[in-house]
Amino acid sequence: MSIEYTSAEMMTVTAAKALENGMTCFVGIGLPSEAANLARLTHAPDVVLIYESGTLQTKPDVLPLSIGDGELCESALTTVSVPEMFRYWLQGGKIDVGFLGTAQIDRYCNLNTTLIGDYQAPKVRLPGGGGAPEIATCAGEVFITLKHSKRTFVDQVDFITTLGFGRDGKARDGVPNIGRGPTRVITDLCVMKPDPETRELVVVSLHPGVTVEQVQDATGWEIRFAEQLDTTPMPSANELEVLRDLKARTERKHAGEA
């Protein structure tokens, strides 16, 4: 029997599966938080979720609106100061993976959450980097999840807020005491990984029903595809049930209904 799901649900479930049980994950708000909490509620019950506000091993019942959401502190094992969070936990090398979103990404995994357009006269001002630049530098590796379009996947980001591999793919070469950087990008169309040599993003897996042409049409450069292109596993009925229940609880809570 076929299971009905949306492209957004496909993206979230696939992103959740990237997290392994027992990992320590520094979680960004939005899509990364949705995926990380789905992982915790399904195949990775012992994943340790950490948010920028200092909440350690938090287990929110609903998705937080921001890093300052009281739900994170109330359900955390403990809460530490922000300086301790960054200096001891993140810069101390205790974070396995950082899970980030972004407004723009380019072929070398550089992220832009600062502005759209020219720096002196931007079309749009964005929220900024928050802790993402430090997370991308100090976490063992970085997963990125976002919706796929030419608006988000651009040839060159307008501003490098968070370093991937630089403008030429070599920015991390020879730099000591730095994490591996982005290792996986999950969208509503596919999964991508950086080429081991050039660091340029390569599509390694297409979601069911998605074509090569669809991915290329949604990307702002001539994107590369792996010689052996896999098909991403479909969500299970249980994963979809847990995800939908989580989102429904979140909507009711934020609407003041529960």
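## Terms and basis

In what follows, Ala, Val, Leu, Ile, Met, Phe, Trp, Tyr, Cys and Pro count as nonpolar, Asp, Glu, Lys and Arg as charged, and the others, Gly among them, as polar. This is a predicted model, in which local features need pLDDT of at least 70 and side-chain atom pairs count only at pLDDT 80 or more, while totals for chains, interfaces and linings use all residues. Residues are numbered from 1 along each chain as its sequence is written, and side-chain values use heavy atoms, with hydrogens and water left out.

## The two pockets

A pocket here is an open set of points on a 1 Å grid over the protein atoms alone, with protein on both sides within 12 Å along at least five of seven lines, whereas a cavity is a set of points where a 1.4 Å probe fits but cannot get out; lining residues have an atom within 4 Å of a point. Grid points are joined across faces, edges and corners, and a volume is the space filled by probe spheres set on the points. The largest pocket holds about 590 Å³ of space, and of the 29 residues that line it, I29, G101, T102, T113 and G128 are the closest to its centre. At least two lining residues come from each of β1 (24–27), α2 (31–41) and α5 (132–138), these elements being DSSP runs numbered from the N terminus (helices H or I, at least four residues; strands E, at least two). By class, the lining of the largest pocket has 14 nonpolar, 13 polar and 2 charged residues.

The second largest pocket holds about 170 Å³, and its lining includes T14, K17, A18, R184 and D230. Two or more of the lining residues are given by each of α1, β11, β12 (190–194) and β13 (201–206). This lining divides into 5 nonpolar, 3 polar and 4 charged residues.

## The cavity and its surroundings

How many cavities of 30 Å³ or more are there? The count comes to 1 cavity, and the largest cavity holds about 30 Å³ of space. M11, T12, A15, L31, A35 and T145 form its lining, to which α1 (7–17) and α2 each supply at least two residues and α1 gives the most, with 3 residues. By class, the cavity lining has 4 nonpolar, 2 polar and no charged residues.

K147 is placed in the loop between β10 (141–145) and β11 (182–186); although K147 and M11 are 136 residues apart along the chain, their C-alpha atoms are separated by 8.2 Å.

## Packing of α1 against α2

Two packed helices are described by the angle between their axes and the distance between the axes. Axes here are lines fitted to C-alpha atoms, for helices over the stretch in contact, with angles running from 0 to 180 degrees between N-to-C directions. The axes of α1 and α2 come within 8 Å and cross at roughly 60°, which makes α1 oblique to α2, given that angles under 35 degrees count as roughly parallel, over 145 as roughly antiparallel, 65 to 115 as roughly perpendicular and the rest as oblique.

In this contact M11, T12, V13, A15 and A16 of α1 meet L31, E34, A35, L38 and A39 of α2, and by class the contact has 8 nonpolar, 1 polar and 1 charged residues.

## Contacts of α7

Helix α7 (residues 237–254) crosses α1 at roughly 105°, with the axes coming within 11 Å, and α1 is therefore roughly perpendicular to α7. The contact is made by E9, T12, V13 and K17 of α1 with E239, L240, L243 and R244 of α7, and its residues divide into 3 nonpolar, 1 polar and 4 charged.

The axes of α2 and α7 come within 10 Å and cross at roughly 125°, so these two helices are oblique to each other. Here E34, N37, L38 and L41 in α2 meet E239, V242, L243, L246, K247 and R249 in α7, a contact with 5 nonpolar, 1 polar and 4 charged residues.

Technical notes. Contact means heavy atoms within 4.5 Å.
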